[in-house]
Amino acid sequence: MSQSRRRARQGLAHLDLIERAKRSDQDAVAALYRDHVRMVNSYLRACGIADAEDLTADVFVSMVRSLDKFN
(Lines give C-alpha, C1' and ligand atoms only; values in the text may rest on other atoms or scores of the structure.)
Protein backbone atom coordinates (compact mmCIF):
# COMPACT_ATOMS: atom_id res chain seq x y z
CA MET A 1 0.00 0.00 0.00
CA SER A 2 1.35 3.43 -0.91
CA GLN A 3 2.12 5.99 1.75
CA SER A 4 -0.56 8.36 0.44
CA ARG A 5 -3.21 5.62 0.65
CA ARG A 6 -2.09 4.74 4.15
CA ARG A 7 -2.41 8.38 5.21
CA ALA A 8 -5.84 8.62 3.61
CA ARG A 9 -7.02 5.52 5.48
CA GLN A 10 -5.60 6.87 8.74
CA GLY A 11 -7.37 10.17 8.11
CA LEU A 12 -10.70 8.40 7.57
CA ALA A 13 -10.17 6.31 10.69
CA HIS A 14 -9.42 9.49 12.63
CA LEU A 15 -12.60 11.16 11.35
CA ASP A 16 -14.54 8.07 12.39
CA LEU A 17 -13.08 8.35 15.90
CA ILE A 18 -14.14 11.99 16.07
CA GLU A 19 -17.68 11.18 14.94
CA ARG A 20 -17.92 8.37 17.51
CA ALA A 21 -16.54 10.64 20.24
CA LYS A 22 -19.18 13.24 19.33
CA ARG A 23 -21.78 10.55 20.10
CA SER A 24 -20.21 10.06 23.57
CA ASP A 25 -18.36 6.84 22.68
CA GLN A 26 -15.87 6.67 25.56
CA ASP A 27 -13.59 4.25 23.67
CA ALA A 28 -13.29 6.79 20.86
CA VAL A 29 -12.53 9.62 23.30
CA ALA A 30 -9.87 7.45 24.93
CA ALA A 31 -8.36 6.63 21.53
CA LEU A 32 -8.20 10.32 20.60
CA TYR A 33 -6.48 11.00 23.90
CA ARG A 34 -3.96 8.19 23.39
CA ASP A 35 -3.28 9.30 19.82
CA HIS A 36 -2.57 12.91 20.75
CA VAL A 37 -1.53 13.24 24.40
CA ARG A 38 2.21 12.87 23.80
CA MET A 39 2.19 15.36 20.95
CA VAL A 40 0.24 17.97 22.93
CA ASN A 41 2.37 17.51 26.04
CA SER A 42 5.63 17.64 24.04
CA TYR A 43 4.51 20.82 22.32
CA LEU A 44 3.66 22.50 25.61
CA ARG A 45 6.99 21.46 27.12
CA ALA A 46 8.84 22.77 24.04
CA CYS A 47 7.04 26.09 24.52
CA GLY A 48 8.46 26.24 28.04
CA ILE A 49 5.17 25.74 29.86
CA ALA A 50 6.10 24.94 33.45
CA ASP A 51 2.89 23.03 34.22
CA ALA A 52 2.64 21.13 30.92
CA GLU A 53 0.93 18.10 32.50
CA ASP A 54 -1.91 20.17 33.94
CA LEU A 55 -2.34 22.20 30.77
CA THR A 56 -2.36 18.99 28.70
CA ALA A 57 -5.25 17.75 30.84
CA ASP A 58 -7.03 21.08 30.33
CA VAL A 59 -6.60 20.76 26.56
CA PHE A 60 -8.34 17.39 26.54
CA VAL A 61 -11.14 18.53 28.84
CA SER A 62 -11.74 21.41 26.42
CA MET A 63 -11.65 18.97 23.51
CA VAL A 64 -14.36 16.80 25.04
CA ARG A 65 -16.52 19.82 25.85
CA SER A 66 -16.17 21.17 22.30
CA LEU A 67 -16.58 17.98 20.26
CA ASP A 68 -20.10 18.89 19.22
CA LYS A 69 -18.74 22.04 17.51
CA PHE A 70 -16.09 20.22 15.48
CA ASN A 71 -16.64 20.03 11.71
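**View 1. Glu-19 and Lys-22 both belong to helix α1, three residues apart, about one turn of the helix.** Helices here are DSSP runs of H or I with at least four residues, strands are runs of E with at least two, and both are numbered from the N terminus. Glu-19 and Lys-22 form a salt bridge, with their closest N and O atoms 3.7 Å apart. The term salt bridge stands for a side-chain nitrogen of Lys or Arg within 4 Å of a carboxyl oxygen of Asp or Glu. Glu-19 counts as partly exposed because its relative accessibility is 38%, and Lys-22 counts as partly exposed at 29%. For these labels, buried means under 20% relative accessible area, exposed means over 50%, and partly exposed lies in between (1.4 Å probe, protein chains only). Please keep in mind that this is a predicted model, in which local features need pLDDT of at least 70 and side-chain atom pairs count only at pLDDT 80 or more, while totals for chains, interfaces and linings use all residues. Residues are numbered from 1 along each chain as its sequence is written, and side-chain values use heavy atoms, with hydrogens and water left out.

**View 2. Asp-16, Arg-20 and Asp-25 are joined in a network of salt bridges.** Within it, Asp-16 pairs with Arg-20, and their closest N and O atoms are 3.8 Å apart. Both Asp-16 and Arg-20 sit in helix α1, four residues apart, about one turn of the helix. Asp-16 is partly exposed, with a relative accessible area of 39%, and Arg-20 is partly exposed too, with 24%.

**View 3. Arg-45 and Glu-53 form a salt bridge whose closest N and O atoms are 2.8 Å apart.** How exposed are the two partners, Arg-45 and Glu-53? Arg-45 is partly exposed at 48% relative accessibility, and Glu-53 is partly exposed with a relative accessible area of 48%.

**View 4. Eight residues make up the largest nonpolar core: Leu-17, Ile-18, Ala-21, Ala-28, Val-29, Ala-31, Leu-32 and Leu-67.** Helices α1 (3-22) and α2 (26-46) each supply at least two residues of this core. The largest share, four residues, comes from α2. Apart from this core lies another, of five residues, including Val-37, Val-40, Leu-44 and Phe-60. A nonpolar core is a set of buried Ala, Val, Leu, Ile, Met, Phe, Trp, Tyr and Cys residues joined through side-chain atoms within 4.5 Å. Contact here means heavy atoms within 4.5 Å.

**View 5. Thr-56 is found in helix α3.** Is Thr-56 buried or exposed? Thr-56 counts as buried because its relative accessibility is 3%. Not counting residues up to four places away in sequence, Thr-56 touches Val-37, Val-40, Asn-41 and Leu-44.

**View 6. Ile-49, Leu-55 and Val-59 form a nonpolar patch on the surface.** Together they have about 190 Å² of accessible area, computed by the Shrake-Rupley method with a 1.4 Å probe; for residues, only the protein chains shown count as cover. Patches are made of residues with over 30% relative accessible area and no salt bridge, where like charges are joined within 9 Å and nonpolar side chains (Val, Leu, Ile, Met, Phe, Trp, Tyr) within 5 Å. Leu-55 has its place in helix α3 (residues 52-66), and at 31% relative accessibility Leu-55 counts as partly exposed.
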